[in-house]
Amino acid sequence: MRLKQRTRQHIIADLSVNHVERQALLCGYAAERVRYDYGYDLAVWTYTASGAIEPGQLLVQVKATDAINCLADRTRIALRLDQRDLNLWLGDFLPVFLILYDAQADIAYWIYIQAYFRALGPAFDPSQIGQTYTVYFNSHDILSSAAIEKFAECKRRVVSQRNNQSGEVGYEN
């Protein structure tokens, strides 16, 4: 009798999301897996020091692999992305974080998507890319609870700027 098989890719995909969830939980935040994945795997809710929920979420897409594509300089890791994902992420006002999980080493790397592409400057034109685009992770940007805290601070700044532009009242930390 033939049955469906749980593949290695399924296993490392679950491990990768769990890896990110754990770092968020260590910060006292809440992480919720996105049930229907159309570009995001997790939404992370952050809280003030007193435990009050903060507006907005961290949006996270996780990629998992058994074979990291580290460049010869050993400081950068290449990952090819679908243009449709980039269109979604770059169009979002909330911070989007791309995580690359190395299942063999049980380590993850991160990119703050909007900041990554802002840093490319005016030379980057999203309308000019093909069906895929390669991004390069810095091998020193390792996912940890400290990194998640940085993500939360980025989100706080984005929400605060948006509230200031619209005249809405912000939140206290």
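1. Gln114 is buried, its relative accessible area being 9% (buried: under 20%; exposed: over 50%; partly exposed in between; 1.4 Å probe, protein chains only). The residue lies in helix α3, residues 113-119 (helices are DSSP runs of H or I with at least four residues, strands runs of E with at least two, numbered from the N terminus). Beyond neighbours within four places in sequence, Gln114 is in contact with Trp89, Leu90, Asp92, Leu94, Pro95 and Val96 (contact: heavy atoms within 4.5 Å).

2. The model is predicted: local features need pLDDT of at least 70 and side-chain atom pairs pLDDT 80 or more, while totals for chains, interfaces and linings use all residues. Residues are numbered from 1 along each chain as its sequence is written, and side-chain values use heavy atoms, with hydrogens and water left out.

3. Arg156, in helix α4 (residues 145-166), also counts as buried, at 11% relative accessibility. The C-alpha atoms of Arg156 and Gln57 are 9.3 Å apart, although 99 residues separate the two in sequence.

4. The largest pocket has a volume of about 220 Å³. Of its 13 lining residues, Ala13, Val17, Asp37, Asp41 and Val62 are the closest to the centre. A pocket is an open set of points on a 1 Å grid over the protein atoms alone, where a 1.4 Å probe fits, with protein on both sides within 12 Å along at least five of seven lines; lining residues have an atom within 4 Å of a point. Volume is the space filled by probe spheres set on the points, which are joined across faces, edges and corners.

5. Helix α1 (8-26) and strand β3 (58-65) are the elements giving two or more residues to this lining; α1 gives the most, with 5 residues.
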